[in-house]
Amino acid sequence: MSVLVYIENRNGKFKKSTYELVSYGSRLAELLGVGLNILSIGNVADDELKSLGKYGASHVHRLAADMSLDDKSFASIISGLAAQTSAKVVVMAHNLTGKAIAPRVAIRLKAGMVSAVNGLPVLVSPFVVNKKSFSGKSLVQIEISSAIKVITLSQNTAGMVEKPSNVIVEDLPAVSIYPATRVLSTEVQSGKVLLSEADVVVSGGRGMRSPENWKPLEELAEVLGAATACSRPVSDEGWRPHHEHVGQTGKVVAPNLYFALGISGAIQHLAGISSSKVIVAVNKDPEAPIFTAADYGVIGDLQVVLPKMTEAFKKLKSGN
Amino acid sequence: MNILVCISNVPDTTTRIKYTTDQKEVDYSGVQWIINPWDELALTRAIELKEANPALIQKITAITVGKADAEPTLRKALACGADDAIRVDASGVDSFYTASQLTNAIKDESFDLILCGIESSDFNGAAVGGMLAELLDWPSVSAVSSVNIENESVKVTREIDGGKQLMETGTPSVLIVQKGIALNPRIPSMRGIMTARTKQLKVVPAVEAAAQSHILTFAAPPQKSACKIIDAENLDELARLLHTEARVI
Ligand SMILES: Cc1cc2nc3c(=O)[nH]c(=O)nc-3n(C[C@H](O)[C@H](O)[C@H](O)COP(=O)(O)OP(=O)(O)OC[C@H]3O[C@@H](n4cnc5c(N)ncnc54)[C@H](O)[C@@H]3O)c2cc1C
Ligand SMILES: Nc1ncnc2c1ncn2[C@@H]1O[C@H](COP(=O)(O)O)[C@@H](O)[C@H]1O
């Protein structure tokens with residue numbers, strides 16, 4: 001019996017979120033008193049796989065396959081290894097891949113599934129997990145009653161615990177797959193910090209007034225090594241690309257630090273940011289609802305405040 | 001080609017969520033019900049596709065798993081432009097239960113494309129679309145932000161972490177859609193509302209399906225402590241607090 005964790009890489013490298021997932025799997029396996037298996041699909045070098053040992057990985061299964069598999073094939077590989085390793089719980093990240101594949105894995109394994117789980121289970125027998133519902137307005141405890149469980153983990157909710165371990169890498173035999181869907185072309189967002197993985201997010205709303213004003217926002221993001229984001233009207237207006245839209249109908253983010261600049265704090269926007277550890281709001285209206293969600297607030301005009309803020313962080317970063 | 005759009009009936013997104021006193025259920029009194037925002041966009045796109053190519057797309061069906069009180073939401077889908085509707089007479093217990101009901105309800109129908117939203121705004125399950133695809137043994141593409149149909153080939157754009165991909169899938173397929181799929185949701189016209197009354201809304205009974213998870217309790221998220229206001233003239237103080245007090249930079 002075991003816990004199976006499916007992990008992703010980008011160009012053969014793991015991100016912080018991967019280590020978080022592995023650490024989670026390792027602690028979950030300990031709670032359940034079972035072993036841990038990790039599945040990595042794609043071309044990842046031994047050394048990179050061995051780096052997972054820092055967080056408790058011991059047995060890593062590598063399928064050096066082309067990653068552009070379709071959802072059905074992914075699900076069949078993951079559920080196949082789950083069956084082979086008698087997995088009690090299958091864990092994936094609550095990202096786009098997890099959302100696409102975990103439900104299929106659950107059906108294949110006749111497992112109950114809960115997505116976007118917050119942290120470790122509250123209880124393991126019965127198996128009870130926490131998650132947010134009603135787009136962040138409610139916290140629920142859910143019992144999964146099936147013998148096998150599939151969960152996707154919300155980013156930044158579990159933390160990382162070091163637990164050095166030796167890693168054995170085992171190569172899985174190549175699979176023959178007849179994809180049902182074909183990728184015609186891929187457009188990669190280049191160079192910048194990805195919103196889904198960022199520790200710091202700098203986000204602008206309609207209070208930024210015009211797309212030209214984004215230059216200073218990008219400067220602040222640059223100084224902080226942050227990803228940029230925006231409210232829905234900003235992306236609807238075409239001021240910023242759609243992938244930056246945060247909120248109930250956009251992306252849900254959970255960074256350590258979120259800057260809401262000229263964002264009023266509508267409930268649909270808060271739905272996307274309420275899991276952020278710390279929220280800083282800048283708004284000229286002291287009554288703006290964003291201040292009820294923020295930890296730190298600055299009341300003032302962004303045209304004036306934003307450049308000064310960037311200067312202040314530059315000073316801090318340079319150590320004077 | 002026939003398109004099925006799966007519609008989840010959810011409380012309006014601005015609703016304050018209240019619970020029964022034992023915190024075991026949601027108190028739905030006074031709630032305004034709407035079509036789940038993504039499902040509304042999926043329906044809108046299906047209607048746009050049919051309008052653009054009526055020879056290719058014969059019928060759009062809206063389906064929901066819900067009790068009779070979900071019917072006004074289905075009627076709205078009909079008023080927007082769906083041709084007919086199906087209600088499976090059951091309240092969803094978990095994603096597996098809902099997906100099983102949907103699978104059973106359409107087993108004798110012939111759909112070429114099923115559109116689901118990426119998640120419902122009430123329970124945020126993000127599961128029904130993928131489960132339905134697996135139960136039907138159909139291909140699926142998730143996080144779809146655009147869809148076009150050329151003959152029998154379905155071209156979609158999907159978001160991936162850090163980019164996007166243009167994909168091709170055949171029929172039948174399940175498309176799990178998100179932002180971008182349509183710009184603004186279709187609003188029913190007066191004429192649409194009138195004709196919706198005459199359109200067919202079929203009610204089918206639920207089948208046995210064992211839910212595999214259930215909610216034990218609800219709680220309000222922890223209250224945030226009051227916001228600390230920093231003087232706009234002293235932003236060094238903000239940088240200092242984020243560094244030494246909040247320890248996030
Ligand atoms: C079904 C549905 C789903 C939705 N989903 C989302 C979603 O996912 N994400 C989302 O963001 N919204 C969403 N919305 C929209 C949401 O309701 C709000 O309309 C939106 O979030 C407001 O965006 P904003 O804060 O940028 O703009 P506004 O509400 O216009 O706020 C602008 C703010 O900037 C301030 N301001 C103006 N000028 C300055 C200045 N010079 N300096 C400092 N401050 C200034 C103003 O005081 C104001 O508070 C959704 C709505 C619906 C109905
Ligand atoms: N009760 C339901 N009836 C019909 N479709 C549903 C129902 N619940 C969820 N769906 C569909 O599945 C999608 C994802 O929902 P969920 O998995 O509940 O987050 C929704 O956007 C709908 O398209």
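# Ligand sites and hidden spaces: worked exercises

An oxygen atom of ligand 2 sits 3.1 Å from an N or O atom in the side chain of Asn36(B). Welcome to a few exercises that start from this contact.

Residues are numbered from 1 along each chain as its sequence is written, while chains are lettered from A and ligands numbered from 1 in the order in which they are written. The model is predicted, with local features needing pLDDT of at least 70, side-chain atom pairs counting only at pLDDT 80 or more, and totals for chains, interfaces and linings using all residues; side-chain values use heavy atoms, with hydrogens and water left out.

## Exercise 1: ligand 2

Find the residues that surround ligand 2, and list its polar contacts with Ile7(B) and Asp39(B).

**Step 1.** Start with the shell, where a residue is near a molecule or strand if one of its heavy atoms lies within 4 Å of it. Ligand 2 has 19 surrounding residues, and the closest are Cys6(B), Asp39(B), Ser120(B), Ala126(B) and Ala127(B).

**Step 2.** Sort the shell by class. It holds 9 nonpolar, 8 polar and 2 charged residues (Ala, Val, Leu, Ile, Met, Phe, Trp, Tyr, Cys and Pro count as nonpolar, Asp, Glu, Lys and Arg as charged, and the others, Gly among them, as polar).

**Step 3.** Look for polar contacts (pairs of N or O atoms within 3.5 Å; within protein, one must be able to donate a hydrogen and the other to accept it, and residues adjacent in sequence count only if both atoms are side-chain atoms). A polar backbone atom of Ile7(B) is 3.3 Å from a nitrogen atom of ligand 2. For Asp39(B), an N or O atom of the side chain is 2.5 Å from an oxygen atom of the ligand.

**Step 4.** Check the cover. Alone, ligand 2 exposes 480 Å², and the protein buries 94% of that (accessible areas come from the Shrake-Rupley method with a 1.4 Å probe; for residues, only the protein chains shown count as cover).

## Exercise 2: the space around ligand 2

Which space does ligand 2 take, and what lines that space?

**Step 1.** Ligand 2 takes the second largest pocket; a molecule sits in a cavity or pocket if more than half of its atoms lie within 2 Å of its grid points. On a 1 Å grid over the protein atoms alone, a pocket is an open set of points with protein on both sides within 12 Å along at least five of seven lines, a cavity is a set where a 1.4 Å probe fits but cannot get out, and lining residues have an atom within 4 Å of a point.

**Step 2.** Read the volume, which is the space filled by probe spheres set on the points, with grid points joined across faces, edges and corners. The second largest pocket contains about 1300 Å³. Its lining counts 50 residues, with Gly92(B), Val93(B), Thr98(B), Asp122(B) and Phe123(B) closest to the centre.

**Step 3.** Turn to the elements (DSSP runs numbered from the N terminus: helices are H or I with at least four residues, strands are E with at least two). β14(B) gives the most to this lining, with 4 residues. By class, the lining has 23 nonpolar, 18 polar and 9 charged residues.

## Exercise 3: ligand 1

Where does ligand 1 lie, and which residues are closest?

**Step 1.** Ligand 1 is located between chains A and B. Its shell has 26 residues, the closest being Arg206(A), Ser231(A), Ser264(A), Gln268(A) and Asn283(A).

**Step 2.** By class, this shell splits into 5 nonpolar, 15 polar and 6 charged residues. Helices α6 (232–236) and α7 (267–273) of chain A each supply at least two of its residues.

**Step 3.** Now the contacts. One oxygen contact, at 2.7 Å, is with a polar backbone atom of Arg206(A). A polar side-chain atom of Asn283(A) also lies 2.7 Å from an oxygen atom of ligand 1. A nitrogen atom of the ligand is 3.0 Å from a polar backbone atom of Leu302(A). Of the 990 Å² of accessible area that ligand 1 has on its own, the protein covers 80%.

## Exercise 4: cavities

How many cavities of 30 Å³ or more does a search of the whole structure find?

**Step 1.** The search finds 2.
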